[in-house]
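Please open the model in your viewer and keep the selection panel at hand. The stops below say what to select next and what is there.

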Amino acid sequence: MFVKKTKFEPDKLALTKKEILDFCDRVIEKWSNNPEKNTNNILAMNAVKTSVIWTDEESLKAIWGEIFSWTFDLLYENALAQGKGEENWSEVLKKIKNKK
C-alpha cells in the first residue's frame with residue numbers, strides 16, 4: 001500500500017469542528033465526576049464549547065492553530081517556572097506522551 005507523505009505543519013489545524021467538540025465533551029465528562037470541585041471549570045468548558053459551535057471553520061483553524069503553536073512554548077515555560085530548569089523538559093514530554 002502506498003502512503004502519500006504530506007508536509008507536517010504543526011500550526012495547521014487538522015482536527016474537525018466535531019473532533020474539537022468531542023474533546024470538550026470528554027473534558028466535561030471527566031470533570032463531571034466531581035461536579036462540586038469542578039463547577040467553574042465545567043461552566044468555562046461549556047463556554048469554550050459554545051464558542052466552537054458558533055465559530056466558522058476558517059476561524060477555528062486560525063484560533064486553534066495558534067493554540068497548538070504555543071502549546072510547547074507554554075509547557076516549556078511552565079516547566080522552567082516550576083524551578084526545575086531545562087532538565088525537566090524531558091519529564092514534561094514523558095507526561096504528555098503518557099496522558100493518552
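**A tour by selection**

Start with aspartate 22, which is partly exposed at a relative accessible area of 27%, where buried means under 20%, exposed over 50% and partly exposed in between, with a 1.4 Å probe and protein chains only. This is a predicted model, in which local features need pLDDT of at least 70 and side-chain atom pairs count only at pLDDT 80 or more, while totals for chains, interfaces and linings use all residues. Residues are numbered from 1 along each chain as its sequence is written, and side-chain values use heavy atoms, with hydrogens and water left out.

Lysine 18 is exposed, with a relative accessible area of 55%.

Next select lysine 49 and aspartate 25, whose side chains meet in a salt bridge at 2.5 Å, N to O. Lysine 49 lies in helix α2 and aspartate 25 in helix α1, so this pair ties together parts that are 24 residues apart in sequence. Aspartate 25 is partly exposed, at 32%.

Now show both helices whole, α1 (residues 17-31) and α2 (residues 35-54), which pack at an angle of about 170° with their axes 9 Å apart; the axes are lines fitted to C-alpha atoms over the stretch in contact, and angles run from 0 to 180 degrees between N-to-C directions. That makes α1 roughly antiparallel to α2, a label for angles over 145 degrees. Among the α1 residues that meet α2 are Phe23, Val27 and Trp31, and the α2 side includes Ile42, Met45 and Val52, contact meaning heavy atoms within 4.5 Å.

Finally, move to helix α3 (residues 57-81), where tryptophan 64 and phenylalanine 68 are four residues apart and therefore separated by about one helical turn. They form an edge-to-face aromatic pair, 6.2 Å centre to centre with 70° between the planes; rings of Phe, Tyr and Trp (its six-membered ring) pair if their centres lie within 6.5 Å, and planes over 60 degrees apart count as edge-to-face. Tryptophan 64 counts as buried at 14% relative accessibility, whereas phenylalanine 68, at 27%, counts as partly exposed.

Terms used. Helices (H or I, at least four residues) and strands (E, at least two) are DSSP runs, numbered from the N terminus. Angles under 35 degrees count as roughly parallel, over 145 as roughly antiparallel, 65 to 115 as roughly perpendicular and the rest as oblique. Rings of Phe, Tyr and Trp (its six-membered ring) pair if their centres lie within 6.5 Å; planes under 30 degrees apart count as stacked, over 60 as edge-to-face and the rest as tilted. A salt bridge is a side-chain nitrogen of Lys or Arg within 4 Å of a carboxyl oxygen of Asp or Glu.
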